Amino acid sequence: MPKLWSETIDEHRRTVRSAVLDAAAALVDERGLTGVTMSAIAERAGIGRATLYKYFADVESILIARHQDHVAAHLGQLEKLREQAATPEEGLKAVLDAYAQICFWRSRHGTDFSALVHRPEHVAPAEQRLTELFTELLAESVPSAKLREDATPGELAAYCLHALAAAGDLDSEAAVRRLVDMTLAGLRPAR
């Protein structure tokens with residue numbers, strides 16, 4: 001198969017998939033989870049039902065795929081912040097800030113299909129990668145950022161992830177910034 005043909009087909013598939021995921025999310029926002037059907041998604045995406053069924057078996061699989069893409073984008077954002085930082089300490093601060101903001105905004109833009117997409121089998125790989133990212137970042141940062149050495153980077157990562165998850169319960173971005181500062185302070189040895 002010529003390369004151009006292959007790229008064209010792949011691009012078409014990505015375009016259709018994206019349209020389906022966006023249509024499903026918009027319909028859930030408008031109608032609620034129980035008001036979304038495969039027919040409505042196909043119509044909103046501008047494709048036939050038969051085409052839709054070639055991509056997804058049911059509404060649940062569409063919503064799970066949408067959520068997985070959303071989570072992957074957040075992980076990509078955090079990894080990019082880490083890579084762009086001039087020093088490990090700057091990367092640590094940037095990633096902690098961004099993760100706290102993600103937790104803060106997630107609680108404000110939750111959907112009625114959260115229970116569906118947050119099942120362990122759907123979130124475990126992303127949670128594992130998030131823990132690895134934090135652990136790697138903390139291992140890099142310990143010497144230069146003068147972080148505590150009485151805990152392993154994995155333990156410090158668990159501390160950060162649990163502490164910053166509290167951002168979802170806060171009522172302002174100023175409170176989120178204070179939480180990040182408190183989390184950073186907890187990473188430093190006691191004086």
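The model on display is a predicted one. Arg82 has a relative accessible area of 19%, and because buried means under 20%, Arg82 counts as buried. Now display the surroundings of Arg82. Residues up to four places away in sequence aside, Arg82 touches Val95, Arg129, Leu133, Glu136, Leu137 and Glu140.

Next, select Leu81, which is likewise part of helix 4. Is Leu81 buried or partly exposed? Leu81 has a relative accessible area of 26% and is partly exposed. Its contacts, again without residues up to four places away in sequence, are Ala94, Val95 and Ala98. To follow one of these, draw a distance between the C-alpha atoms of Leu81 and Ala94: the value is 6.3 Å, although the two residues stand 13 apart along the chain.

**The whole of helix 4**

Helix 4 contains 26 residues, and the distance from its first C-alpha to its last is 38 Å, close to the 38 Å expected at 1.5 Å a residue. Which residues of helix 4 are buried? They are Val59, Ile62, Leu63, Ile64, Ala65, His67, Leu75, Leu78 and Arg82. Colouring these residues shows which positions of helix 4 are covered.

**The overall view**

Zoom out to the complete chain. The protein is built from nine helices and has zero strands. Read from the N terminus, the order of elements is α-α-α-α-α-α-α-α-α. Of its 191 residues, 35% count as buried. The accessible surface comes to about 11100 Å², and carbon and sulfur atoms hold 55% of that surface. Among contacts with a separation of 6 or more, 66% are between residues 24 or more positions apart.

**The largest nonpolar core**

In soluble globular proteins, nonpolar side chains tend to be buried together. For the example in this model, select Leu96, Phe134 and Leu187. In the largest nonpolar core, which has 31 residues, these three touch the most other members. Two or more residues of this core come from each of helix 4 (59-84), helix 5 (88-108), helix 7 (120-145), helix 8 (153-165) and helix 9 (173-187). Helix 5 gives the most, with nine residues.

Stay with Leu187 and show its contacts. With neighbours within four places in sequence left aside, Leu187 is in contact with Leu92, Leu96, Leu138, Leu147, Arg148, Leu156, Tyr159 and Cys160. Another core lies apart from the largest one; it has 20 residues, including Leu52, Ile62, Leu63 and Ala65.

**The aromatic pairs**

A pair of aromatic rings is described by the distance of the centres and the angle of the planes. How many aromatic pairs does the structure hold? It holds two aromatic pairs. For one of them, select Tyr99 and Phe134. The ring centres of Tyr99 and Phe134 are 5.5 Å apart and their planes meet at 75°, so this pair is edge-to-face. The pair joins distant parts of the chain, since Tyr99 is in helix 5 and Phe134 in helix 7, 35 residues apart. Tyr99 is buried, with a relative accessible area of 10%, and Phe134 is buried at 1% relative accessibility.

Then select Phe104 and Trp105. These two also form an edge-to-face pair, with 5.0 Å from centre to centre and 80° between the planes. Phe104 counts as buried at 3% relative accessibility, whereas Trp105 counts as partly exposed at 36%.

**Two cysteines**

Select Cys103 and Cys160. Cys103 has a relative accessible area of 1% and is buried. Cys160 has a relative accessibility of 0% and is buried as well. How many disulfides are there? With a disulfide taken as a pair of cysteine sulfur atoms within 2.5 Å, the count is zero.

**Helix 2 and the residue after it**

For the last stop, select residues 38-45, which make up helix 2. Its buried residues are Met38, Ala40, Ile41, Ala42 and Ala45. Move on to Gly46, which follows helix 2 and has a positive phi, near 80°.

Conventions: Residues are numbered from 1 along each chain as its sequence is written. This is a predicted model: local features need pLDDT of at least 70, side-chain atom pairs count only at pLDDT 80 or more; totals for chains, interfaces and linings use all residues. Side-chain values use heavy atoms; hydrogens and water are left out. Buried means under 20% relative accessible area, exposed over 50%, partly exposed in between (1.4 Å probe, protein chains only). A nonpolar core is a set of buried Ala, Val, Leu, Ile, Met, Phe, Trp, Tyr and Cys residues joined through side-chain atoms within 4.5 Å. Helices (H or I, at least four residues) and strands (E, at least two) are DSSP runs, numbered from the N terminus. Contact means heavy atoms within 4.5 Å. Accessible areas come from the Shrake-Rupley method with a 1.4 Å probe; for residues, only the protein chains shown count as cover. The expected span of a helix is 1.5 Å times one less than its number of residues. Rings of Phe, Tyr and Trp (its six-membered ring) pair if their centres lie within 6.5 Å; planes under 30 degrees apart count as stacked, over 60 as edge-to-face and the rest as tilted.
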